Amino acid sequence: MIQPQFNIGPITFHLYGFIIALGAVTGWVIAKKRAKYYKIPEKIFDDYFLLIPLILAVVGARIYHVLDYWDFYKTNFLQVFYIQNGGLGLWGAIAGGILGLFLLCTVKKINFLASLDLIAPSFALAQAIGRIGNYINQEGFGPPTNLPWKIFIEPQNRPLSFITSSYFHPTFFYEASLDLIIFASLLYFSKKVKGNGRIFGTYLILYSTIRFFIELLRIDTWVLGGVKVAQVISIFGIIAGIYLLIAKSKTKPSRLT
């Protein structure tokens, strides 16, 4: 098992945080290199205002996770702030990042839908990288399995209902692999599709569909009234994506062709 943290002198490094940061930086680099195709100035990527979407994405991700595991956090409230120990919800990150991007675009007078199209591939790639953090922290896995690609989960990280099982579905790797396919697909479609918002709409449809089916295997996600919250959000994500594809199909694109 990979150790989730290590010390260099008096400083403790958490691999989970490093992986999340790596995903964010990689997405930033790719978006910056592609900005010119959307008539978005590259200098915006070196502006401190860019921290707004990043901070709100992390805050949104943490809020989603805390609500998911509220039974634990309501009696361990200080743990809410120990983000280095893991616990970020992707739907929360997406919602927070979109809100932050909207605020940034409003202040800097940048086309919001074109910006969403620009960052859609970066979102997918950052998610793929970030899922490795789930492996490091042994979270976000599926039910027990004996398939050749099974992963060993330490007893302290197993749900009580599966405490006697040792090997589980690596659902985080399933999603990471599919996120990489989304990333490559969006880069390809961005050269073909016109109309602001349609690339992001495609991202919403693809990711929401993947997440809906991945949730069928997840055993540790937020459930209300017997319904998985992430699946409900996925359905709304698909609807929103279809709307963007249809409603924005005839708008004048900001992307250079």
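From the N terminus on, the elements of the protein chain follow the order β-β-α-α-α-α-α-β-β-α-α-β-β-α. That makes eight helices and six strands, where helices (H or I, at least four residues) and strands (E, at least two) are DSSP runs numbered from the N terminus. The model is predicted: local features need pLDDT of at least 70, side-chain atom pairs count only at pLDDT 80 or more, and totals for chains, interfaces and linings use all residues. Residues are numbered from 1 along each chain as its sequence is written, and side-chain values use heavy atoms, without hydrogens and water.

**Overall dimensions**
- The C-alpha trace of the protein chain spans about 60 × 40 × 35 Å along its principal axes.
- Of the 257 residues in the protein chain, 44% are buried (under 20% relative accessible area, with a 1.4 Å probe and protein chains only).

**Helix 6 and helix 7**
- The axes of helix 6 (residues 171-189) and helix 7 (residues 198-214) come within 10 Å and cross at roughly 160 degrees; axes are lines fitted to C-alpha atoms over the stretch in contact, with angles from 0 to 180 degrees between N-to-C directions.
- Helix 6 and helix 7 are therefore roughly antiparallel to each other (an angle over 145 degrees).
- Thr171, Tyr174, Glu175, Leu178, Asp179, Ile182, Leu186 and Phe189 in helix 6 meet Ile199, Thr202, Tyr203, Leu206, Tyr207, Ile210, Arg211 and Ile214 in helix 7, with contact meaning heavy atoms within 4.5 Å.

Notes. Angles under 35 degrees count as roughly parallel, over 145 as roughly antiparallel, 65 to 115 as roughly perpendicular and the rest as oblique. Buried means under 20% relative accessible area, exposed over 50%, partly exposed in between (1.4 Å probe, protein chains only).
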